[in-house]
Amino acid sequence: MAGQREVHEQVERRTIGAGGLAVGAVGLGCMPMSWAYSGSRQRGDESVRTVHRALDVGCDLLDTADMYGPFTNELLLGRVLRERRRDAFVSTKVGLLVGEQHVVANGRPGYVRRACDASLRRLQTDVIDLYQLHRADPEVPVEETWGAMADLVRAGKVRALGLCAVGARGGRRSGAGLYDTTLRQLQRVQQVFPVSAIQAELSVWSPEALRALLPWCEARGVGFLAAMPLGNGFLTGTLTPGEGFERDDVRARHPRFTAEMMAANQPIVAGLRRVARRHGEHVTPAQVALAWVLAQGRQVIALPGTKREHWAAQNAAAAGLRLTEQDLAEVSRLPAAQGSWD
Ligand SMILES: NC(=O)c1ccc[n+]([C@@H]2O[C@H](COP(=O)([O-])OP(=O)(O)OC[C@H]3O[C@@H](n4cnc5c(N)ncnc54)[C@H](OP(=O)(O)O)[C@@H]3O)[C@@H](O)[C@H]2O)c1
């Protein structure tokens, strides 16, 4: 059992939020272990090994949500946390309920309190380091939901609060105003209790948060957790256009993952590969994609998702890859991604 810490040899530490929370610059997105990707439910033991490996190399921010599975992702993390709680920074989410065919928001204070207790039980811990509002409930003023979350901090069940942004999936992927709703929510909740982190999509092919959300974080010392930093796997260059996805894989319905759009977006992968080669034959496009995310600001934490041990190790090593000005300029000149939800 990988119980001992080799820790922090590879992964730089960064500080986020007013409370100065220190975490590895690369975390581990745990969603693919239980949700959204092909084969998610068949790799329990490998997933557990992957979490151990991430902790061993200093990727201590483990990002999950009660809705992943639903519930099974937190249960899986609980198997690791009961042995290694002190090695991990536990980041989970509340506010979305999964039905047979749909997902609905629930931001009622009583629900938030019950959901937190249930997450604590599944995670086999007595405190959540970062509790994030997954989606605001249109039926409940966001201040009420956030107030209930703040009470959980006062009760010692949670250490800090974060908010997930609705961006890409809210439509108008590249338009101005993509994150206006989020910015309004942030202003409102900030009056109630400090925001320690925002979580939103950020990657080479989805850079919109850079202009809209990152300046807000920078001005306030708020952490930015970059979700989907590998473009749901596309930016790694390991996916073949036209191979298709199983029905339970989000990419089967994602407009950028049709055979046509995957082919059209290959120049982006080719660009990442060119930069990777300059840094050595073992450097991968995935690592360049992550290093680019990390280069966007000191308060950015990348959350690559994987259920495979070797990819977790490879992603951790990206924290040590320093892109040059030339590399960054080259990546910024890559063509904009084609394929949108609009
Ligand atoms: N707040 C939100 O609304 C929200 C939404 C989406 C995601 N998230 C968070 O962000 C995290 C990351 O997003 P994501 O997992 O959807 O997307 P991602 O990190 O962009 O990509 C994940 C995919 O890339 C593959 N992969 C990972 N490392 C690789 C490597 N080195 N080489 C080749 N392939 C690699 C994974 O494969 P395997 O699955 O086979 O390992 C998986 O299919 C999630 O786990 C979740 O914690 C949050």
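Predicted model: local features only at pLDDT ≥ 70, side-chain atom pairs only at ≥ 80, totals over all residues.
Local features are reported where pLDDT is at least 70 and side-chain atom pairs count only at pLDDT 80 or more, while totals for chains, interfaces and linings use all residues. Residue numbers start from 1 along each chain as its sequence is written.

Eight strands form an open sheet in the order 3-4-5-8-9-10-11-12, with parallel pairing. Strands here are DSSP runs of E with at least two residues, helices are runs of H or I with at least four residues, and both are numbered from the N terminus. Two strands are said to pair if DSSP finds at least two bridges between them. Strand 3 and strand 12 (300-302) are the edge strands, each pairing on one side only.

Six of its six residues are buried, so strand 8 is largely enclosed by the rest of the structure. A residue counts as buried if 20 or more other C-beta atoms lie within 10 Å of its own, as exposed if there are 12 or fewer, and as partly exposed in between, with C-beta atoms placed from the backbone. On one side, strand 8 pairs with strand 5 (residues 89-94) in the parallel sense over four bridges, and Thr-92 stands opposite Tyr-131 of strand 8. Strand 8 is also joined to strand 9 (residues 158-164) by five bridges, and these two strands run parallel. Within this pairing, Leu-133 stands opposite Leu-163 of strand 9. From strand 8 the chain passes through helix 4 (residues 142-154) to strand 9, a β-α-β crossover that is right-handed; that is, with the strands pointing away from the viewer, the path from the first strand over the helix to the second runs clockwise. Tyr-131 faces Leu-161 of strand 9.

Strand 9 is itself largely enclosed by the rest of the structure, because six of its seven residues are buried. Strand 9 pairs with strand 10 (residues 197-201) in the parallel sense over three bridges, and the bridge partner of Gly-162 in strand 10 is Ala-197.

Elsewhere in the sheet, strand 4 (residues 61-63) and strand 5 pair in the parallel sense over three bridges, with Leu-61 opposite Phe-89 of strand 5. Leu-62 lies in strand 4 and counts as buried, with 25 C-beta neighbours inside 10 Å. Leaving aside residues up to four places away in sequence, Leu-62 touches several residues, including Gly-27, Leu-28, Cys-30, Val-51 and Leu-77; contact requires C-beta atoms, placed from the backbone, within 7 Å. The C-alpha atoms of Leu-62 and Thr-92, 30 residues apart along the chain, are separated by 8.2 Å.

Helix 10 (285-294) is mostly covered, ten of its ten residues being buried. Its buried residues pack against strand 11 (223-227), helix 9 (266-278), strand 12, helix 11 and helix 12 (325-332). In helix 11 (residues 309-317), the buried residues are Trp-311, Ala-312, Asn-315 and Ala-316. Viewed down the axis of helix 11, these residues fall within an arc of 140°, so they line one face of the helix; the arc is that of the directions from the helix axis to the C-beta atoms. They pack against strand 3 (28-29), helix 1 (44-56) and helix 10.

Helix 11 also gives the most to the shell around the ligand, with three residues. Of the 27 residues around the ligand, Gly-29, Met-31, Pro-32, Gly-233 and Gly-305 come nearest, a residue being near if its C-beta atom, placed from the backbone, lies within 6 Å of the molecule. The shell divides into 13 nonpolar, eleven polar and three charged residues. Here Ala, Val, Leu, Ile, Met, Phe, Trp, Tyr, Cys and Pro count as nonpolar, Asp, Glu, Lys and Arg as charged, and the others, Gly among them, as polar.

Most residues other than glycine have a negative phi, and most peptide bonds are trans. The peptide bond from Gly-69 to Pro-70 is cis, with omega near -5°, and Pro-70 sits in the loop between strand 4 and helix 2 (72-84). Ala-36, although not a glycine, has a positive phi of about 80°; Ala-36 belongs to the loop between strand 3 and helix 1 and is partly exposed, with 15 other C-beta atoms within 10 Å. Met-228 has a positive phi near 50°, is found in the loop between strand 11 and helix 8 (259-264), and counts as buried with 21 C-beta neighbours inside 10 Å.

Methods: Contact = placed C-beta atoms within 7 Å.
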